[in-house]
Amino acid sequence: MRGSMARQPGKIKVLDSSTIDRIAAGEVVERPASIVKELVENALDAGARQITISLEEGGLVSLSVEDDGHGIRFRDLPLAFERHTTSKIATAADIMQVASFGFRGEALASIASVSQVRCVSRLADEELGGLIEISGGEITRREPAPRNSGTTITVRDLFYNVPARRKYMKSAQAEKRAIMKLMTQLALAHQDIRWIVKSGSDIAMDLRPAGSLTDRARDLFGASVMEHMARFEMEKGGFSIGGLASRPTWTRGNREQQFIFINRRPVENRALSQAIVQAYREVVPTGRHPVVIAFLQVPHGEVDVNVHPAKTQVRLLLEREIFGRLKNALSEGLSLKQADELRPWRGDVAPGTAGEAGERIADAQDDYLRRYFQRGGSAGFEFKGVPAGQGELFGASAMRATGSAEEIDGMVAGVSETPLHSAPFWQLHRTYIVTQIRGGLVLIDQHNSHERILYNEAKRALEERGETGGIPTQQLLFPAHLELTPGQVQAWQTHAEQMKAMGFTIEPFGGQSILVQGIPASLKNWNEGRLLLDMLDDLAWDDKPSQENQVDLLASYACHGAVRAGEPLTIPEMQNLVDQLFATDTPLSCPHGRPTLIQYTLEELEKRFGRT
Ligand SMILES: Nc1ncnc2c1ncn2[C@@H]1O[C@H](COP(=O)(O)OP(=O)(O)OP(=O)(O)O)[C@@H](O)[C@H]1O
Ligand SMILES: [Mg+2]
């Protein structure tokens, strides 16, 4: 019953200090994991080399953090638990430059106001240590006590005096999971520390100091994951970004194994997560996520950790800049690493001996590619053959894609039943097209190549707008109705005319929605509209001058529209793709400058097999 609280509506009162403390505690102390985080950060700030965390029932019954840091002077023990008492900053001006984890002098006071706390500590140069016990913010015991140099803080009965919060605690299991995730972050960020986590009578984690991030990551994730990880690194103008990330061969169903640190603090920042998505967009199927451990070092003045009381959300003064750098560091660092994946693959495709029919096809194929390679393979190449007509590359299958799934499956099955030795084009790992040329063989990256084709075609359509009428449109069997966000609407309105020339037929459909009736004929599929939404998302960030804007539009279209690694292609599709690639005037690289193909000459092969 409320009556007993004698609440008078409309009367404004000053809250007493213990109520104020408990409200403030709510901001820092959300759950056991947030207490562990604060206590561990204090231990790190104290220069600890070994930190032991002990949990009972996921920390709900009790948790303690023990360190071998410099300790707290006996005389100062009560001070440590008062609000706004800190040894880490002296003036407001220090705040923008803090390098320590704590500085507000708030964590211990907050924790002590909602639990029973015991702290035993000894300053390195004091004879004896001391202990203090605090219950609901009041000191209940304080006396000298022996201890090695360092500090142990034990927290019991969390929220015993805030029943409303206690009720909302999750299960011990869920709390333990949250703590283990935190410990993983801490262990990655602080490789030189010995970390021990005890849960009841179990040892949940015991990590010896590691010499490198790779060693620590191996201890945490296992050696088999590490086989798929590559290092990346980038440094420029006071910023540096580096870490480990999985190659596209290793992905997971969620983002649990993505870790981003700014100045060694684990952070959650939407833009940075998005940078990972974009870096891998072309190589990882939708819904799959790479493992990423990224450390960003930015000058202390550029990051505001004060935004969130638990300091996990940061405001980056140069968010856009850092977003681009992380994305580049990942995509460049990883494509470099892909080249050393030359181990043999014991897959189900064994190259057969070319039969007579196969030879004839291969010969024709040879002629065609030879003409290309004889001219040095770049500018000045004149293609004499008849380029495949615009819109025929994937048009037919895109139409079917809106029709029946079985048909597609049938097509795919048809490919694998085709005897391989008669196929002039083979698809490897559903990613590369391999074909024989007289002088050797070429490996063609299906995504990069299709990107180049789409980009050049759309660029021409925009340049010749009005004269020849742009790219042909394939009408969708069923017009698609898409709901847009305000940012997407703005992006579409900015680019509506250009998108029309590129072959999209789009009409406003009331409110924030649009009706898509046709798409460029050269697309293989548009994923029920996801292509458009992804493009508009990319462009919603754009506030560049219109010249650069057009490049962004084209790049985004090519990137999202191109067939991905992992998509099966039929032989005619491969043939068309290669035809159209060589019909462009820049067939050797994709719009981002990555190669579209790699050539292996017979001489090279002979040399490597010791035939010469
Ligand atoms: N494990 C520890 N070893 C040594 N000193 C400690 C330890 N934990 C706390 N202290 C001392 O107690 C003070 C108060 O700690 P508290 O965590 O409340 O504040 P803070 O770390 O300064 O700032 P924040 O509230 O941002 O964490 C610290 O400034 C530090 O001097
Ligand atoms: Mg602290």
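This is a predicted model: local features need pLDDT of at least 70, side-chain atom pairs count only at pLDDT 80 or more; totals for chains, interfaces and linings use all residues.
Residues are numbered from 1 along each chain as its sequence is written, and chains are lettered from A and ligands numbered from 1 in the order in which they are written. Local features need pLDDT of at least 70 and side-chain atom pairs count only at pLDDT 80 or more, while totals for chains, interfaces and linings use all residues.

**Overall**

The protein has 19 helices and 24 strands. Both are DSSP runs, numbered from the N terminus: helices are H or I with at least four residues, strands E with at least two. Of its 612 residues, 35% count as buried. Buried means 20 or more other C-beta atoms within 10 Å of the residue's own; 12 or fewer means exposed, and in between is partly exposed, with C-beta atoms placed from the backbone. Contacts are pairs whose C-beta atoms, placed from the backbone, lie within 7 Å. Among contacts with a separation of 6 or more, 71% join residues 24 or more positions apart.

**Strands**

Two strands pair if DSSP finds at least two bridges between them.

| Pair | Sense | Bridges | Opposite residues |
|---|---|---|---|
| β1 (residues 50-56) and β2 (residues 62-67) | antiparallel | six | Leu55 and Leu63 |
| β2 and β6 (residues 150-156) | antiparallel | six | Ser62 and Arg156 |
| β21 (473-483) and β23 (residues 513-520) | antiparallel | seven | Gln474 and Ile519 |

Strand β2 has five of its six residues buried, so the rest of the structure largely encloses it. β1 and β2 form a hairpin with five residues between them. In that turn, Glu57 has a positive phi of about 50 degrees.

An open sheet of three strands runs in the order β21-β23-β22, with antiparallel pairing. β21 and β22 (505-508) are at the edges with a single partner strand each, so one side of each has no neighbour in the sheet. The twist averages 15 degrees from one strand to the next.

**Helix packing**

Helix α2 (residues 32-45) packs on helix α6 (residues 172-189) at about 30 degrees, with axes 8 Å apart. Axes are lines fitted to C-alpha atoms, for helices over the stretch in contact, and angles run from 0 to 180 degrees between N-to-C directions. The two helices are therefore roughly parallel; that label covers angles under 35 degrees. Pro32, Ala33, Val36, Lys37 and Val40 in α2 meet Glu175, Ala178, Ile179, Leu182 and Leu186 in α6.

Key
Two residues are in contact if their C-beta atoms, placed from the backbone, lie within 7 Å. Angles under 35 degrees count as roughly parallel, over 145 as roughly antiparallel, 65 to 115 as roughly perpendicular and the rest as oblique.
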